[in-house]
Amino acid sequence: MSLRSEAPLVKICGLSTPDTLEAAITAGADQIGLVFFPKSPRHVSLEQARALADQARGRAAIVGLTVDATDGAIDAIMEAVRPDWLQLHGSETPERVAAVKQRAGVFVMKAVGLATAADLAAAEPYAQVTDRILFDAKPPKDAALPGGNGVAFDWTILKPIDEPFMLSGGLSPDNVAEAVRISGAAAVDVSSGVETEPGRKDAALIAAFVHAARCR
Ligand SMILES: O=C(O)c1ccccc1N[C@@H]1O[C@H](COP(=O)(O)O)[C@@H](O)[C@H]1O
């Protein structure tokens with residue numbers, strides 16, 4: 001059982017404007033996420049991402065989120081954006097995660113979708129090849145996106161996990177403190193819970209989320 005007392009690391013994902021990026025950094029976010037997935041309302045071009053990354057560099061860790069990206073796409077992101085982390089949010093195998101990590105030479109986190117405790121077994125093969133496991137909710141059956149759906153899951157199933165992990169899925173300023181308390185997460189990640197509509201981040205919600213995550 002994980003009984004954490006220190007404040008969790010906070011990642012704000014899907015930032016796409018200089019103003020909301022600045023709001024996340026000012027609020028004290030540890031990591032900022034840039035989404036490279038054209039189906040997402042948070043997708044950014046390489047040019048947009050390069051400018052946002054330049055604004056964030058040295059102030060918060062930069063995470064590039066990809067979904068089953070090709071080597072060419074990974075190379076293009078690494079060259080243009082130079083993220084500190086890659087977040088692999090598709091159906092990448094452990095072998096693919098290891099290959100991406102070696103190719104890119106940065107930290108890699110792998111998202112694993114959970115609905116029930118039985119789904120935890122899917123994370124085991126990634127333990128040796130990833131720098132962090134990100135437990136997210138399994139997407140709804142008809143979802144267009146593999147993440148960023150604002151769907152939560154039963155956080156109690158994470159209680160037995162000993163290794164530090166990141167938690168996402170339907171987190172918001174209203175529930176993040178309880179989610180950390182119940183799950184024991186070392187880090188939290190939010191996208192739609194700090195938006196007023198899909199893809200539109202809100203500075204006040206971002207500040208409220210960071211505050212709520214840290215003040216338990
Ligand atoms: O945010 C997106 O648009 C996205 C697209 C494709 C894969 C993952 C995506 N976001 C990640 O999904 C989870 C949960 O997000 P939410 O807070 O429930 O909206 C989070 O890890 C985001 O990084």
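Predicted model: local features only at pLDDT ≥ 70, side-chain atom pairs only at ≥ 80, totals over all residues.

Trainee: What makes residues 166-167 a strand, S7?

Mentor: Strands are DSSP runs of E with at least two residues, numbered from the N terminus. S7 covers residues 166-167, so the run meets that cut-off.

Trainee: How do you know that S6 and S7 pair?

Mentor: Pairing takes at least two bridges found by DSSP. S6 (residues 132-137) and S7 share two, in the parallel sense, so they count as paired. Leucine 134 stands opposite methionine 166, and phenylalanine 135 has leucine 167 as its bridge partner.

Trainee: What about S5 and S6?

Mentor: S5 (residues 107-114) pairs with S6 over six bridges, also parallel, with methionine 109 opposite arginine 132. Both belong to a closed barrel of eight strands, S1 through S8.

Trainee: Why is S6 called mostly covered?

Mentor: A residue is buried if 20 or more other C-beta atoms, placed from the backbone, lie within 10 Å of its own. Five of the six residues in S6 are buried.

Trainee: Which residues are closest to the ligand?

Mentor: Cys13, Gly147, Gly148, Ser168 and Ser192, out of 27 surrounding residues; to be near, a residue needs its C-beta atom, placed from the backbone, within 6 Å. S2, S6 and S8 each supply at least two residues of that shell.

How values were computed:
Residues numbered from 1 in each chain as written. Helix = DSSP H or I, 4+ residues; strand = E, 2+ residues; numbered from the N terminus. Buried ≥ 20, exposed ≤ 12 C-beta atoms within 10 Å, placed from the backbone.
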